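This report is meant for a reader who is meeting the structure for the first time. Please keep the sequence and the model in view while reading the sections below.

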Amino acid sequence: MDTRHTEIETTLGAVTFVATGADITGLYFRHHIRRPAQESFGPAVAPVADPVLARAATQLGEYLAGTRSEFDLAIAAVGDGFRQAVWGLVAQIPFGETTTYGAIAQRLGDRSLAYRVGQAVGANPVCI
C-alpha cells in the first residue's frame with residue numbers, strides 16, 4: 001500500500017489528509033474523536049511533493065475561502081455497506097443545505113435507522 005499523509009493549517013485548525021494511491025482515504029482534525037493511530041497514516045510528506053495531497057489541500061483551502069462549493073477528488077473511505085450508503089447520501093447534500101439523520105434514514109427505507117445513520121456520519125473518515 002502506498003499510504004501517506006500531510007498536515008496543513010486551515011482556518012479551522014490543523015487538518016491531516018491521508019491518501020492511499022490516488023485516493024483520499026481520510027481527513028482528520030487534530031482532536032478528531034475517531035482519529036486513527038498516527039502510524040496508520042503512513043509517512044509524512046510535504047503537500048507540494050504529492051499531487052494527490054496537494055490537490056486535496058488546494059481544494060479544501062478554496063472551499064474554506066468560499067471560492068469552491070464542491071470537491072473534485074477521488075475518495076475511498078473504508079466502511080461497511082451501510083456506512084458507504086450513508087456517506088453516499090451525505091455527499092449528495094447540496095452546498096449550504098442541511099438535513100437530519102431521520103431524513104437520511106428515510107431515504108434508506110427505514111426512518112428507525114436514524115441512530116445508526118448518526119453513528120455512520122460520526123465514523124466518516126472524510127468528514128468535510
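## Two hairpins

In this predicted model, strands β2 and β3 form a hairpin in which two residues lie between the strands, and G21, which sits in the turn, has a positive phi of about 60°. A hairpin is also formed by β1 and β2, again with two residues between them.

Strand β2, which covers residues 13-20, runs antiparallel to β3 and is joined to β3 by six bridges, and T16 stands opposite Y28 in β3.

Taken together, the three strands form an open sheet in the order β1-β2-β3, with antiparallel pairing. The edge strands are β1, spanning residues 3-10, and β3, spanning residues 23-29, and each of these pairs on one side only. Neighbouring strands of the sheet are turned against each other by 20° on average, if direction is ignored.

Strand β2 is mostly covered, since seven of its eight residues are buried. A14 is placed in this strand, and with a relative accessible area of 7% A14 falls under the 20% limit and therefore counts as buried. Leaving aside the neighbours within four places in sequence, A14 is in contact with E7, I8 and E9, and also with Y28, F29 and R30. The C-alpha atoms of A14 and Y28 are 8.5 Å apart in space, while the two residues are 14 apart in sequence.

## Packing of two helices

In general, two packed helices are described by the angle between their axes together with the distance between those axes. Here, helix α2 (residues 81-91) packs with helix α4 (residues 114-122) at an angle of about 80°, and their axes are 9 Å apart. Because angles of 65 to 115 degrees count as roughly perpendicular, α2 and α4 are described as roughly perpendicular to each other.

The residues that meet in this packing are F82, R83, V86, W87 and V90 from α2, and R116, V117, A120 and V121 from α4. The residues of this contact between α2 and α4 divide into seven nonpolar and two charged, with no polar residue among them.

## A residue in a loop

P94 has its place in the loop between α2 and α3. Its relative accessibility is 42%, which lies between the limits of 20% and 50%, so P94 counts as partly exposed. P94 and S69 are 25 residues apart in sequence, and their C-alpha atoms are 8.7 Å apart in space.

## Confidence of the prediction

How high is the mean pLDDT of the chain, and what share of its residues reach 70 or more? The mean is 93, and 99% of the residues reach that value of 70 or more. Within the chain, confidence is lowest in β3, with a mean of 93, and highest in helix α3, which covers residues 101-107, at 97.

How values were computed. Residues are numbered from 1 along each chain as its sequence is written. This is a predicted model: local features need pLDDT of at least 70, side-chain atom pairs count only at pLDDT 80 or more; totals for chains, interfaces and linings use all residues. Side-chain values use heavy atoms; hydrogens and water are left out. Two strands pair if DSSP finds at least two bridges between them. Helices (H or I, at least four residues) and strands (E, at least two) are DSSP runs, numbered from the N terminus. Axes are lines fitted to C-alpha atoms, for helices over the stretch in contact, and angles run from 0 to 180 degrees between N-to-C directions. pLDDT is the predictor's confidence in each residue, from 0 to 100. Buried means under 20% relative accessible area, exposed over 50%, partly exposed in between (1.4 Å probe, protein chains only). Contact means heavy atoms within 4.5 Å. Angles under 35 degrees count as roughly parallel, over 145 as roughly antiparallel, 65 to 115 as roughly perpendicular and the rest as oblique. Ala, Val, Leu, Ile, Met, Phe, Trp, Tyr, Cys and Pro count as nonpolar, Asp, Glu, Lys and Arg as charged, and the others, Gly among them, as polar.
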